[in-house]
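This report covers the domains, one group of strands and the chain contact. The entry is shown first.

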Amino acid sequence: MFDSVLVANRGEIARRIIRTVQRMGLRAIAVHSEADADLPFVAEADDAVLLGPAAPAQSYLDVDKVIAAARTTGAQAVHPGYGFLAENASFARAVTEAGLVWIGPAPEAIERMGDKINARNMMESAGVPVAAGTREPVGALTEAVRAAERIGYPVMVKTAGGGGGIGMGVAHDEESLGKAFEQASRAAARFGGAQDGTSPAILLERYIERARHVEIQILGLADGTVVALGERDCSVQRRHQKVVEESPSPGITADLRERMLAAAVRAGEAVGYRGAGTVECLVDADAQDFVFLEMNTRLQVEHPVTELVTGLDLVEHQIRIAAGEVYALEARPGGHAIEFRVYAEDPKRFFPGPGKIDVWEEPSGEGVRVDSGYVAGNTVTPFYDPLMAKLCVHGATREEAVARARTAVAAFKVEGPKNNLPFCAELLDDPEFVSGDYDTGLVSRMRKAR
Amino acid sequence: MAEVRAEMVANVWKIVVAEGDTVEEGDTLVILESMKMEIPVLAEDSGVVAQLKVAEGDVIQEGHLIAVIE
């Protein structure tokens, strides 16, 4: 086992990884931008290196600066967290070439899964169901129009290299396809492929109305075995981005769950996957059927949900697997867990609302876990994503978890930046959410109803 | 005369109109970027863009004057 880990990330996830690194008796090294110098993850690390100005390109996305920080501090391994460089294969290679241990899957696995078109074609040959869609990148609107006519409207338009819902749009006809295509192209140029110098590529897929977004957590062990650690239901979304996740999914039968877990294991085995990964699927709740969406070759934001039901520390397993430790693992999920993403945004329209935090009081108690990136006095800046904290609850049943969530949301006090805690409270009183019978359209229906 | 002000701290990503342009209510004046999200700033009245007080790349605070429509 190496003796130190550099965490190439910021905010709540850097802090959460540092906690496990230190618990394992390893030295934790933080890197940060000028804008983040006062955040808890910098103070809590054993060592911290300033990368540069606030702009991600000049700090968290600058491969040379991150590698240099590892050299200066004598770090032996690098954990990328999620976002930023986590799914950047050239960064994974640069880490390895610098003689450091990369805590993540092989660069080849990142590449094969990072291109969503390639990933879908591969999954299809591995026997994992996929949605009808384009098998080659779509470069021009005229091609997109032809493809959409073949697939049948409505279609989902997304960037082949993008993630986190950025640039995704649904088109119901040729006119809205034009808009969605333009939006996806712009996003691809700004946030996606352009970063690696590759051209933006667009992908079209049949859009399932009344779908649930259910994903499977997998862990590729050092001996090549792939285990599935249960599912997370991520159907509470705004702008195609997740807000609340829960496990088990209230919308799938035991039979469907079994089929999905088996498919996720096949998906992991097909790429020789090592470490923590997530197989994202769309579930047609009425038909109790599913299709592969994409595979995320990293730790997910919502990984605490799985940790709460399995009792495993996924970061610890990422580290042990990267260190080459060989061991068997069996997951016995228990109880029900729900995560609420506490975003710095207004709870009605979900527009960003950064600002200085005047009051920050986290809830605590039985079955309550808070992973936060900030304390009172910090400033939430406009340079990064709006996630301030993740409020997670665990209970013996979904009813108990929901009850604990209501108490915890009410006890969470944030003043300063706008925040979506009022939305979380509203959701916990929404009959559709409480029933468990909801889909990805839930949040927009809640907003239309008022 | 209508003043258009920023609702949040943001980076000015794109200027869509120029001073002297005629705009309709609901037209996009500039596009801001904050927390990885594009936020279009719309004209709340029809008229002529009398003043445009931001440039692409500016970091503006909540309440910052973006444009004046007359």
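## Domains of chain A

In this predicted model, the domain assignment divides chain A into domain 1 (4-103), domain 2 (132-206) and domain 3 (211-449). The centres of domain 1 of chain A and domain 3 of chain A, taken over C-alpha atoms, are 23 Å apart.

## Contact between domains 1 and 3

Domain 1 of chain A places 25 residues in contact with 24 residues of domain 3 of chain A. On the domain 1 side, the elements that give two or more residues are α1, α2 (40-44) and β5 (101-102) of chain A. The largest share of that side, six residues, belongs to α1(A). Sorted by class, the domain 1 side holds 16 nonpolar, three polar and six charged residues.

Strand β1 (residues 4-7) of chain A and β2(A) run parallel and are joined by four bridges. In this pairing A:Val5 is opposite A:Ala28 of β2(A). Together with helix α1 (residues 11-23) of chain A, β1(A) and β2(A) form a right-handed β-α-β unit.

β2(A) also runs parallel to strand β3 (residues 47-52) of chain A, with five bridges between the two. Here A:Ile29 faces A:Asp47 in β3(A). Strand β2 (residues 27-33) of chain A is mostly covered, with six of its seven residues buried.

## Contact between chains A and B

Chain A contributes eight residues to the contact and chain B contributes 10 residues. By class, the chain A side consists of six nonpolar, one polar and one charged residues.

Definitions and conventions. Residues numbered from 1 in each chain as written. Chains lettered and ligands numbered in written order. Predicted model: local features only at pLDDT ≥ 70, side-chain atom pairs only at ≥ 80, totals over all residues. Contact = placed C-beta atoms within 7 Å. Nonpolar A, V, L, I, M, F, W, Y, C, P; charged D, E, K, R; others polar. Buried ≥ 20, exposed ≤ 12 C-beta atoms within 10 Å, placed from the backbone. Pairing = 2+ DSSP bridges. Right-handed = clockwise from strand over helix to strand, strands pointing away. Domains from an automatic or database assignment.
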